[in-house]
Amino acid sequence: MAWWCGTLFAHRAKQQRLSLLFGPCGGLHLATISLVPFNTQGNEYFCEVDEDFILDRFNLTGLNNEVANYPQALDLITDNLDDEIQDELRGSLDVQARLLYGLIHARWIVTARGLTKMLEKYKRADFGRCPRVLCQLQPLLPVGLTDVPYEKSVKLYCGRCEDLYSPKSTRHGSIDGAYFGTTFPHLLFLVYPTLIPAKSGPTDLGAAAKDGEGKNRRRVREEQDVSAEGAGDNISTAGAALKADRYRPRIYGFQLNEIAKLQRWQEAVRDRCVGLSRRLDVLRLIFVCFSRQVARLEAMEGV
């Protein structure tokens with residue numbers, strides 16, 4: 001009886017530590033190893049990291065330079081931290097343990113097992129669907145704009161329009177993008193080329209999720225139409241095209257070959273369009289000046 005009570009007390013104490021470390025206000029919204037409720041709000045983007053991956057120190061190479069109190073934070077994640085040490089450093093260790101787990105998660109999801117787990121979430125559209133109407137509810141994938149923590153929040157990548165979007169939920173919008181890295185979605189499509197979405201027609205994954213399609217459609221907000229009449233007299237379309245930013249998919253810092261060739265071709269076409277637009281701007285300016293001059297001459301003849 002005494003052994004059973006001691007075991008129950010230890011289990012409750014462990015659950016309390018996890019709730020303090022990865023509670024709903026913790027930013028990462030995660031617990032450790034196999035005790036994570038990944039289906040709760042705020043945790044949908046994450047997949048469970050295998051315990052053997054965390055315990056293999058080779059997989060954690062270099063993280064000791066990025067995380068303060070690295071040994072204690074790792075012990076807290078694996079539930080090997082002494083209770084007395086945790087009470088002394090609880091505030092700082094919680095923050096460092098969240099950071100360490102997030103960086104481990106970014107390394108885990110680019111492994112074979114991690115890609116498999118994230119693939120299941122992608123097929124269920126756990127990351128949401130593209131808000132662009134012509135993408136026809138294409139499922140999205142989380143991606144970071146940088147691998148350095150505390151710089152950019154997580155974004156969502158659409159493989160159909162090849163653009164980025166911000167999460168709709170503030171819970172997801174506050175997640176650090178470094179917890180997913182810049183490589184994950186592009187490596188997923190490289191490993192599973194059959195998942196690369198077509199540029200036209202209905203999405204295969206969208207057709208397979210008809211049960212949730214109505215709910216997702218209600219979540220998509222229609223944008224208000226903006227009238228262009230009389231709004232572009234003083235705007236140079238060529239200048240706007242040159243200032244437009246473009247997302248460039250990369251795997252471990254290297255741009256993909258086929259996508260790079262396609263983007264070079266698209267940029268060449270854009271440059272030609274910019275040149276044509278500049279000529280049209282000059283012709284429009286000449287036409288406006290000529291019209292004003294004609295109006296002045298007609299006014300003088302009328303006088």
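In which helix is Lys121 found? Select helix H5 (residues 112-123), where Lys121 is found; helices (H or I, at least four residues) and strands (E, at least two) are DSSP runs, numbered from the N terminus. This is a predicted model, in which local features need pLDDT of at least 70 and side-chain atom pairs count only at pLDDT 80 or more, while totals for chains, interfaces and linings use all residues. Residues are numbered from 1 along each chain as its sequence is written, and side-chain values use heavy atoms, with hydrogens and water left out.

**Lys121**

Is Lys121 buried or exposed? Lys121 counts as buried because its relative accessibility is 7%; buried means under 20% relative accessible area, exposed over 50% and partly exposed in between (1.4 Å probe, protein chains only). Next, display the backbone oxygen of Glu44, which the side chain of Lys121 reaches at 2.8 Å. Beyond its neighbours within four places in sequence, Lys121 is in contact (heavy atoms within 4.5 Å) with Glu44, Tyr45, Phe46, Cys47, Asp126 and Phe127.

**The aromatic cluster**

Now select Tyr45, Phe46, Phe127 and Phe180, which form one aromatic cluster. Rings of Phe, Tyr and Trp (its six-membered ring) pair if their centres lie within 6.5 Å; planes under 30 degrees apart count as stacked, over 60 as edge-to-face and the rest as tilted. The count by this rule is 6 aromatic pairs. Phe46 and Phe180 form a tilted pair, with 5.2 Å centre to centre and 35 degrees between the planes. This pair links distant parts of the chain, 134 residues apart: Phe46 is in the loop between helix H1 (2-21) and helix H2 (51-55), and Phe180 is in the loop between helix H6 (170-173) and helix H7 (184-191). Both Phe46 and Phe180 are buried.

**Helix H7 against H5**

Select H7 together with H5. Their axes come within 11 Å and cross at roughly 95 degrees; axes are lines fitted to C-alpha atoms, for helices over the stretch in contact, and angles run from 0 to 180 degrees between N-to-C directions. H5 and H7 are therefore roughly perpendicular to each other (65 to 115 degrees). Leu115, Met118, Leu119 and Tyr122 of H5 make the contact with Phe184, Leu187, Leu188, Phe189 and Val191 of H7.

**The sheet**

Finally, follow H7 to strands S1 and S2, across which H7 lies, running at about 130 degrees to S1. The open sheet has 3 strands in the order S1-S2-S3, with antiparallel pairing (two strands pair if DSSP finds at least two bridges between them).

Conventions. Polar contact = N/O pair within 3.5 Å; in protein donor to acceptor, adjacent residues only side chain to side chain. Parallel < 35°, antiparallel > 145°, perpendicular 65-115°, else oblique.
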